Amino acid sequence: MKYQGSCHCGAVRYEAELDLGKPVISCNCSMCGRSGGLLAFTPATGFTLQSGEDSLQDYLFNKHLIHHVFCKTCGIKPFAHANAPDGTPTVAVNVRCLEGVDADALEVNKVDGRSR
Ligand SMILES: [Zn+2]
């Protein structure tokens with residue numbers, strides 16, 4: 001299904017094709033544990049950034065593999081992107097930024113990113 005997502009101020013908008021019938025990911029790594037996003041993944045081909053490319057600030061840490069982007073104006077992290085282990089460009093969408101999605105109603109899979 002296609003979902004519309006945005007940051008808080010609305011500068012960053014996107015459309016993402018996601019299967020939210022599958023559990024979303026809650027990760028406890030040093031980044032996700034602080035920002036508290038819930039993530040659903042899609043190949044980059046299922047993701048369209050509609051506006052806000054200039055508003056996104058990239059942030060890299062650890063092995064610099066994942067682009068943790070955030071909006072320069074409102075600070076929200078509406079998604080992150082990286083290459084999957086098999087090399088496929090992949091987007092991790094923060095389902096809390098999607099319109100019409102009750103994040104509390106989704107099944108959550110806890111991932112122990114801190115210990116990796
Ligand atoms: Zn914003």
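**The hairpin and the zinc site**

Modeller: Gly10 takes a positive phi near 90 degrees in the hairpin of β1 and β2, where 6 residues lie between the strands. Strands (E, at least two residues) and helices (H or I, at least four) are DSSP runs numbered from the N terminus. This is a predicted model, so local features need pLDDT of at least 70 and side-chain atom pairs count only at pLDDT 80 or more, while totals for chains, interfaces and linings use all residues. Residues are numbered from 1 along each chain as its sequence is written, and side-chain values use heavy atoms, leaving out hydrogens and water.

β1 and β2 run antiparallel, joined by 5 bridges (pairing needs at least two DSSP bridges). Within this pairing, Gly5 stands opposite Tyr14 in β2.

Now to the metal: the SG atoms of Cys7, Cys9, Cys71 and Cys74 coordinate the zinc ion at 2.3 to 2.4 Å. Donors are N, O and S atoms within 2.8 Å of the metal (3.2 Å for Na, K and Ca); water is not among the atoms, so sites may look incomplete. Along the sequence, the donor residues follow the spacing C-x1-C-x61-C-x2-C. The pair of Cys9, in the loop between β1 (2-6) and β2 (13-17), and Cys74, in the loop between β8 (70-71) and β9 (79-83), links distant parts of the chain, 65 residues apart.

As for accessibility, Cys7 is buried at 5%, whereas Cys9 is partly exposed at 40%, and Cys74 is also partly exposed, at 27%. Buried means under 20% relative accessible area, exposed over 50%, and partly exposed in between (1.4 Å probe, protein chains only).
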